[in-house]
Amino acid sequence: MRPKIYLFGDSITEGSFTDGGWGDPLANHFSRTADVVLRGYSGYNTRSALMVKEKAFPPSESGGAPLAVTVFFGANDASLPDRYAAFLHVPLDEYKQNLIAIVAFLKKKMRPEIYLFGDSITEGSFTNGGWGASLANHFSRTADVVLRGYSGYNTRWALMVKEKVLPPAESGGAPLAVTVFFGANDASLPDRYSAFQHVPLDEYKQNLVAIVAFLKKQWASTRIILITPPPIDEAARILHPYVPNPSGLPERTNEVAGRYAKECVAAAAECGVAVIDIWEKMQKLPNWEKTYLSDGLHLTPNGNKVVFEEVIAQLKDQKISPDNLPPDLPLFSQIDPNDPVKSFQNL
């Protein structure tokens, strides 16, 4: 499993996965090397952070130590003691001592998790405006969104590495959900420059079935969502080859991608899991080629928004939403300004 980088702080950390947030590009920067885990609590000061630290981080026996932890508190501690935010104020000397105590404590994890397993469209989902970053922001106080995206991978390769990239069943609680978003590379044409990524249509379906079977065996309660490959704008693919393309022909076609999308839908039906047919849904939208695809394959911010909205709709249908998940610690709105400490005494 990957090492983790925890972001622990107040609202500036809680909101760090909004569009353009600092947590968003950090997760993208480490997209294949480390998991960036959000622990942001709007309105918290170091006093409240110190009181909830055991709840906010995993016990030391639950696994390896994080690679790093950012501790970003002080904006609320610095509230003036004679103004309306006085209940947030922490005296300067106590603030310093609280930081020292937090640093002395720091160890690891706790929230339920949602895994994103897929190819480059998943790996890049934490770029600015990406669907994964939006999902992490959507669940910022209730679940950790864990990135498992592998640029260029097909279902054959995904099947070979599944035990390496997903935690063993005995490592802890089952994830709330896993998205499986492969097919764009499987659908590469076998006689073009990306032939080495091609997976025959029948094998593609069986690989998806095998991935779902593995996930179900690992975690019987986990919700699984398959996502079809997106549509292809062939003209844009000719303009954006990733290696020299002397043939001048696209390495993928929309018609072939559609066949793979249909097999993905069929695999979901066979396995009894949810599916999002992005190939079909996007083509119902006007000017989809330029509005939703950046290079004829990968997603623009608008394309990412479509995927995000479809994913949260599917999760909500399966009773997974911020409304149905308790926040791990008291919300700022639940803290009594007259007795802030009281909110943390019965956690």
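The crossing of H8 and H10 is right-handed; in that convention the near helix is turned clockwise from the far one, by less than a right angle. Helices here are DSSP runs of H or I, at least four residues, numbered from the N terminus. This is a predicted model, where local features need pLDDT of at least 70, side-chain atom pairs count only at pLDDT 80 or more, and totals for chains, interfaces and linings use all residues. Residues are numbered from 1 along each chain as its sequence is written, and side-chain values use heavy atoms, with hydrogens and water left out.

Now the geometry. Two packed helices are described by the angle between their axes and the distance between the axes. H8 covers residues 201-218 and H10 covers 254-271. Their axes come within 9 Å and cross at roughly 35°. Axes are lines fitted to C-alpha atoms over the stretch in contact, with angles from 0 to 180 degrees between N-to-C directions.

Who makes the contact, meaning heavy atoms within 4.5 Å? From H8, the list includes Leu 201, Tyr 204, Leu 208 and Val 212. From H10, it includes Arg 259, Tyr 260, Glu 263 and Cys 271. By class, that contact has 10 nonpolar, no polar and five charged residues. Nonpolar is Ala, Val, Leu, Ile, Met, Phe, Trp, Tyr, Cys and Pro; charged is Asp, Glu, Lys and Arg; the others, Gly among them, are polar.

Next, the cores. A nonpolar core is a set of buried Ala, Val, Leu, Ile, Met, Phe, Trp, Tyr and Cys residues joined through side-chain atoms within 4.5 Å. Buried means under 20% relative accessible area, exposed over 50%, partly exposed in between, with a 1.4 Å probe and protein chains only. The largest core has 45 residues. Phe 17, Ile 114, Phe 126, Trp 131, Leu 135 and Leu 315 touch the most other members. Helix H13, residues 301-317, gives the largest share, five residues. Apart from this core lies another, of 30 residues, among them Tyr 150, Val 199, Ala 268 and Cys 271.

Stay with H13. Its 17 residues reach 24 Å from first C-alpha to last, close to the 24 Å expected. That expectation is 1.5 Å times one less than the number of residues. Buried residues in H13 include Val 307, Phe 308, Val 311 and Leu 315.

Last, backbone. Most residues other than glycine have a negative phi. Lys 319, in the segment after H13, has a positive phi of about 65°. Is Lys 319 buried or exposed? Exposed, with a relative accessible area of 62%. Asn 287 also has a positive phi, near 50°. Asn 287 sits in the loop between H11 and H12.

Key
Helix = DSSP H or I, 4+ residues; strand = E, 2+ residues; numbered from the N terminus. Contact = heavy atoms within 4.5 Å.
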